[in-house]
Amino acid sequence: MNLENVFKNNEKWIKAKLSEDGEFFDELGKGQNPELLYIGCSDSRVTAEELMGMGPGEVFVHRNIANMVISIDLNVMSVVNYAVNHLKVNHVVVCGHYACGGVKAAMQSADLGILNPWLRNIRDVYRIHRDELNDIDDEDKKYDRLVELNVQEQCVNLIKTAAVQKAYRDRGLKVYGWVFDVHTGKLIDLNIDFEGILKEIMEIYHLD
């Protein structure tokens with residue numbers, strides 16, 4: 001990779017944007033008002049705005065290994081709280097992807113050093129759903145299913161937060177779970193039952 005090309009590409013991008021809209025950067029500098037918070041994987045193949053056909057200012061993005069929402073991760077929790085409480089987004093998406101290296105690593109019995117505590121959260125997802133997963137003989141299908149179940153559990157983790165619960169009550173915010181198929185380019189809606197999950201967990205996780 002020639003890093004000088006990055007700056008050349010940036011100049012081309014600026015010219016292209018200005019040719020479409022001469023006031024593009026003036027408007028961009030006025031602030032952001034996204035409707036959507038996207039929590040995705042850091043994988044270099046899964047670009048958030050591009051795969052959704054969105055541009056600058058339209059989506060607030062957080063990415064980490066395997067699109068995790070961990071309650072003691074101040075990074076993701078700060079993003080969620082800022083997006084929900086201050087930017088007032090009305091849609092929060094957790095987007096995983098097939099062929100996820102983080103999920104694959106969590107399926108292996110190996111000491112991966114500093115990654116161990118992070119991957120433990122994915123292994124917990126496997127533990128919760130082990131009966132379903134262990135009934136799948138095809139390893140590739142099991143891998144894909146764990147990707148989907150991990151997205152589902154991260155949606156549950158979002159629904160446990162006070163910010164999401166309050167925004168749901170106040171303005172109808174919802175949480176969605178998607179998977180990006182790197183083999184076809186398609187976004188798949190897992191149709192997470194947001195309201196059903198919320199109702200099920202409120203006895204324990206309800207936060208005024």
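Predicted model: local features only at pLDDT ≥ 70, side-chain atom pairs only at ≥ 80, totals over all residues.
**The largest pocket**

The space in the largest pocket comes to about 460 Å³. Its lining is made up of 19 residues, and those that lie nearest the centre of the pocket are Ile128, Glu153, Val156, Asn157 and Lys160. Three helices, α6 (116–128), α8 (139–159) and α10 (194–205), each provide at least two residues of this lining. When the lining residues are sorted by class, 9 are nonpolar, 6 are polar and 4 are charged.

**Two residues in detail**

Is Glu148 buried or exposed? Glu148 counts as buried because its relative accessibility is 17%, which falls under the 20% cut-off for that class. Setting aside residues up to four places away in sequence, Glu148 touches Tyr98, Val179 and Leu190.

Leu207 is found in the segment after α10. With a relative accessible area of 36%, Leu207 is classed as partly exposed, since that class covers values between the 20% limit for buried residues and the 50% limit for exposed ones. Once its neighbours within four places in sequence are left aside, Leu207 is in contact with Lys160, Thr161, Ala162, Gln165 and Arg169; one of these, Lys160, is also among the residues nearest the centre of the largest pocket. Between Leu207 and Val69 there are 138 residues of separation in sequence, while their C-alpha atoms lie 18 Å apart in space.

The relative accessible areas of the two residues are set out below.

| Residue | Relative accessible area |
|---|---|
| Glu148 | 17% |
| Leu207 | 36% |

**The chain as a whole**

The protein chain has a secondary structure of 10 helices and 5 strands, and its C-alpha trace spans about 55 × 45 × 30 Å along the principal axes. Of the 208 residues in the protein chain, 40% are buried, Glu148 being one of the residues that count as buried. Among the contacts in the protein chain with a separation of 6 or more, 64% are between residues 24 or more positions apart. The accessible surface of the protein chain amounts to about 12,100 Å², and carbon and sulfur atoms account for 50% of that surface.

Technical notes:
Residues numbered from 1 in each chain as written. Heavy atoms only, no water. 1 Å grid on protein atoms, 1.4 Å probe; cavity = no way out; pocket = protein on both sides within 12 Å on 5 of 7 lines; lining within 4 Å. Points joined across faces, edges and corners; volume = space filled by probe spheres on them. Helix = DSSP H or I, 4+ residues; strand = E, 2+ residues; numbered from the N terminus. Nonpolar A, V, L, I, M, F, W, Y, C, P; charged D, E, K, R; others polar. Buried < 20%, exposed > 50% of the residue type's maximum accessible area, 1.4 Å probe, protein only. Contact = heavy atoms within 4.5 Å. Areas by Shrake-Rupley, 256 points an atom, 1.4 Å probe, with all protein chains shown as cover.
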